[in-house]
Structure formats: structure tokens, C-alpha cells
Amino acid sequence: RMATCDVSSAAKLTETVQKYGAQVPNYNIFGQHDLRHPHKDKGSLAEVAPRPEWSRTPRYATQAELKAARRAADVPDRSCDIDGDGGVGPTDYFISRRFGLGQGDDEAARGRMVDALESGWLDQFSFGHDQAGAKRAFRVQQKRGRIVTVDNPHELSMAFPKHPDHEVSPRFATQRELLLHRKMHAREHSQALQEKWSAANSLVVPEPQPPLASQSATKPTFTSTAQRQDALRQAAREAAGLNGTCTGVSPGTDGRGIGLGYTEQPEHATRTELQASRRHNNREQLMATAQLALPGTIPGPIRRCIHDHEHFEMRRPNDDPMTFTRLKHERKARDIAHNMAHFDHSPQEAPTFAMHSQPWWTMRDGYVHEPARSTLTIDRALPEPIGRPAEKGSTAALRASPPSPAASSVGGAAASDYLTLKQWAMEFAPPELPGKARLAARADGVVDGVKQAPEFIEDTDPLRMFSSFDVIHADGERELAEKRRHAAGGHMDGMDSYDSWVTRKASTRRRRPRLEGDPEETDMAPMTSRYSLAAASAAAGIAGPRAVPKVA
């Protein structure tokens, strides 16, 4: 009937697949519709033959019934109580399950268990390892069917068969016993050889007896060596002027001891009287000793004076004492004599460069012996600016300098009518190139075939701008900003504004109070002389390295 039902169900399934298709919705493990594969073809499963376990009725209908059955099976039966303590422990459960107990009272299984326990079957197992775990202090291992711990390592010998020579009993049980036997045997052998040699060569010779041997033997002077040594000691003391026997410090009391006798009338009735008598005797003894030693005693101050005098005489120098200065002089003289005797005298030589007739700097590479003179000259007939004093660097000062020999060849003028002005641009630039050609030659950074260093805007900044002190650096920035602000006030009057700013700056500068006899101060003297020279150059028609500002 089951087979007929399965055939009819398979036929209906095939007809349904042919009619409606085998595409079913496809869901992922989260119960969501899969967007990539929304449908899946299950038509191939229609031809799978049904299995018997698909239609078998399970023993437990629900999971709760299955867990309840497992819990009931884990509860041991009362027949598993082996030791009879009313509870089933791990050991009881292990033994009962080993012999088939736990399903009820089985007398045959219980009899087999009792026989096995009496024969020592339980000794081949070890229990209680769950209380220590894997970190136990001592290891437990099983070797050849036996549990070996730190308490029964000797039982491991029972797991191996006996050695073939186990019945052989050695003459000596240990090596120590063998060594002792050899030592005693060697000693006995040596003793026997010694006795044999002594019998043939006697070591004891009878001592000759003195003439009165019979009398000295009956009444000897000393019966022991100690008596002889005591007699020798007494003789030595008497020869040195001492008593023959040793005496104590206090002969009357040294020999006394604490006794148990009773004295009816003691010399001193109380302890106070005894101590007073002892003090009196000690004082009299000390006074007697002092009287004996007084004739040969030297007082302390005199003895110290004698000691100091002896020390002074011992350290007194001779008539010509040695001093540190004389010692150094003798050493120096001895060293000089040694050097003169062993070494030749060589005169002191001057440095090598002093042997040349020319100075050493003129012999260096690149030195120019006759440098070219400047061709930039100025006429002596330049007028003096009105209202400007003649100072250092002005035209009047320049007239006093001697004329340059190279200036006599410029423009056919006499050498006395021109004055040389040292300017780098006019002195070192090629004279044959005009102004524009000279600027073009400088454009690529090469002048006279020499690569020039790059120029930066910071090259003209004062040193205070590069100071590591914040106060000096900030002061320099503030002064530079003030200078630029005043210079931006006019196109050509910038220098005038700068002059007024310098004058104001100098007037507010902190200075020491003037003293009588101090010279007059002129703050603008260097600036005036510089502008006077620039004005003179402008009047002569000579272009300087930069534009000359207007001078009031």
C-alpha cells in the first residue's frame, strides 16, 4: 500500500511540474528574497526515489521529549551503589557500568563484580584526576598497563620480565663494598710483608744498662717527663733571680676560695670593715712601691723635654744643608752635563720662510704684484656745496690726496686736474664695453669669466635682522618698518624724510650726561658728508652706482 501511494504521489508531482513548471522562489539564509537568483529550478528533485526514513515515525515527537529521555537515562539506578553509602559516585557508576549493572538487580553481574574487586581488578585504574586538572604538581602516566606516579615508581619493575641473570648472586652487592674489600686486602698483604721483613731484620736493639742500673731503677729522681721539665723551669727561674715557683699578685688572697666553714670570731666582722681594710692595704702597698721607684723616676715634663731634644738633635741639619732650590740646581746642572757629553750642540735655526728674500704672501698663487689703478677721476675744480662743512670724505678732503698716475691718460687732462674715486663698477668692469653691453654681460651671472654668487634681497639687511635674540630682532624689524614708512612719504624726498627720522632717533637716544670739556656732538655729520660727496659727483656729471637723492 505504501509503494502504491508513493507511485501515485510521484505521478501527481510529475504532472504538476509539467503543468506549472518547477520554478520556486529562492530565499537566503536570513529569509530574504535573493535578488540575484529570485527563482530556482527544483524539477530534478521530482525524479528522486523516496526513502524509508522520510516516512518513519520518530521515537520522540518533540525535542523536549528527547531531552527528557536523555536526562532520565543519565540518572543512575540504585543498583549502581557499590559501596552502600546511599549515593552513586563517579567510581560507583564506572564499576557498575563496567559489569553491566544499572538496569536492575542482576545477581550474576554483581557476583562477577565482587570477585573482580577482591582479586585487585580496581588497582589497574586511577581516580581523582578531575580535582587537579592538567596543571597538577606531579605527573601521572601509564606504562605497560600500570599507573605510575611519584609514589609507586617501583611497581614499574613488575611490568617487565625478569632478567636472564637474575638468579646470579654477585660476590659484592655494591661498588663501595668491592673497593673496601680491595683496600683491606692490600693493607693485610702489606702488614704480612712488614712482619716477614722485621723477623729477618730486627728493628729493636736492647739498650745498654748504666753501671748503677739496679739502684736508679729502684729509686729514680724523676718518675715522669713533666717532673723533669718542672725541675728545669725552676732552675732557670732561680738563675734569673726569681722565685723557683710562680707566685700570685696577692699571695695572701690568691690561694683563697669560697668555703663552707664557720669562723667564730672573724678578723672583720662586717663587709664594710673588710673593704676599708683592703683599701688601706692597697694604699700602703702603692706608697711603698712609689718610695722604691722615686729615686730613679724622671718627671713627665722633663722626660718630654728630653724626648723633644733628642728628636731635634736627630733632625738637625749639617753645616751646609740641602734645600729644594739647591736640589733643583744640581739636577739641572747634572742634566746639562749629561746632554753636553752625549749630544752635539746644534745652533738654533730660523724658520724656513725667513730664508726667502720676498715676503711669503707675495709667493702665493694668484697674487697680483701690480694691480690696475682706477680710471674714475673727478675734477679738482669742483665747487664746495654751500652750507656744508668740510669733513672726512668730502671734496676738500679728496683734493688733498695725491693724484692717480692712471688718471693722466683719461681725456688728455693732466694728472693734477683729476682725483681718483675707487668704485668697484668702474674699476673692475671691462672698460671697452659700453654701459648696455656691460649690463648684458652681467645678466648671465658671469663677469670677466668668473661665476658670480647669487644675490638675494636679504643680503642688504642689517645684522640685527638675523639675531637669535628676540629683543634685538624685533627692534630691527620695527626700525626697518619705520624707515620704509618714512621713505614712502615722497618720491624723491625719501632721503630727506629719512634724515629727519635719523635726527629724531638720535635726539631720543639715551646718553650719559655731558661733562665739562666734552666736544660738541654732530649726529648728522657722517650723513652730511655722504650727501655732500654725492652732490659733488652729480654736479660733475659722474653717474654713481645708484641715483643720488635731492639734497636740501
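Is Arg485 buried or exposed? At 53% relative accessibility, Arg485 is exposed (over 50%; buried is under 20%, partly exposed in between, with a 1.4 Å probe and protein chains only). The model is predicted, with local features requiring pLDDT of at least 70 and side-chain atom pairs pLDDT 80 or more, while totals for chains, interfaces and linings use all residues. Residues are numbered from 1 along each chain as its sequence is written, and side-chain values use heavy atoms, without hydrogens and water.

View 1. Glu482 and Arg485 form a salt bridge with an N to O distance of 2.5 Å (a side-chain nitrogen of Lys or Arg within 4 Å of a carboxyl oxygen of Asp or Glu). Both residues lie in helix α15, 3 residues apart, about one turn of the helix (helices are DSSP runs of H or I, at least four residues; strands are runs of E, at least two; numbering starts at the N terminus). Glu482 is partly exposed at 24%.

**View 2. Salt bridge between Glu479 and Arg464.** The closest N and O atoms are 2.4 Å apart. This pair links distant parts of the chain, with Glu479 in helix α15 (residues 470–487) and Arg464 in the loop between β8 (450–451) and α15. Glu479 is partly exposed at 25%, as is Arg464 at 34%.

**View 3. Salt bridge between Arg316 and Glu313.** The closest N and O atoms of Arg316 and Glu313 are 3.0 Å apart. Arg316 is partly exposed at 45%, and Glu313 is partly exposed at 35%.
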